[in-house]
Amino acid sequence: MLPNQGEEYDSLIKLEKLESENSYRISIPRVIENSSGWPTVTLIYTSHDLDKDCKEEILSDGTQLLCLPQEENREELTLNSTWKKAIDWLSNNNLYEGEIQIMEKENYSVEISVMWETELCLTFGRKVIGG
């Protein structure tokens with residue numbers, strides 16, 4: 001089964017720029033469509049430079065070759081402590097929120113990826129930071 005993804009889920013990720021340089025407040029629903037537990041939040045740095053030897057093309061069998069970025073770094077984030085998570089769970093707080101700090105890297109895009117797990121399939125949301 002294919003994962004759920006798209007603008008509907010991307011719009012669930014709320015980012016607020018804070019006064020501190022490269023600092024943001026992120027807020028996302030903790031539970032969507034019968035998901036359980038806590039969503040996985042990943043910070044992704046993607047280089048703008050593509051592999052120099054790569055050439056995008058469509059092969060005779062219809063397969064499309066794509067050029068990928070030379071580098072992509074991922075960092076899984078924990079938005080708040082275990083104690084705060086316990087308090088949120090006991091108080092039925094449906095938001096998972098916290099502050100994040102990003103590194104400024106020249107020629108890189110930065111985005112947040114959120115994954116909610118359900119019994120049937122995964123659900124993904126993405127949001128570009130800055131720009």
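Asparagine 22 has a relative accessibility of 16%, and because the cut-off for buried is under 20%, asparagine 22 counts as buried. In this predicted model, asparagine 22 lies in the loop between strand E1 (14-17) and strand E2 (23-29). Its phi is positive, about 60 degrees, although asparagine 22 is not a glycine. Most residues other than glycine have a negative phi.

Asparagine 107 also has a positive phi, near 65 degrees, and is a residue other than glycine. The loop that holds asparagine 107 runs between strand E7 (95-101) and E8. With a relative accessible area of 41%, asparagine 107 is partly exposed.

| Residue | Phi | Relative accessible area |
|---|---|---|
| Asparagine 22 | about 60 degrees | 16% |
| Asparagine 107 | near 65 degrees | 41% |

Strand E8 covers residues 108-117. Eight of its 10 residues are buried, so strand E8 is largely enclosed by the rest of the structure.

Which strands pair with E8? One is strand E3 (residues 40-47), which pairs with E8 in the antiparallel sense over eight bridges. Within this pairing, serine 47 stands opposite tyrosine 108 in E8. Another is strand E9 (residues 122-128), which runs antiparallel to E8 and is joined to it by seven bridges. Here methionine 115 stands opposite phenylalanine 124 in E9. E8 and E9 form a hairpin, with four residues between the two strands.

Note on methods:
Residues numbered from 1 in each chain as written. Predicted model: local features only at pLDDT ≥ 70, side-chain atom pairs only at ≥ 80, totals over all residues. Heavy atoms only, no water. Buried < 20%, exposed > 50% of the residue type's maximum accessible area, 1.4 Å probe, protein only. Pairing = 2+ DSSP bridges.
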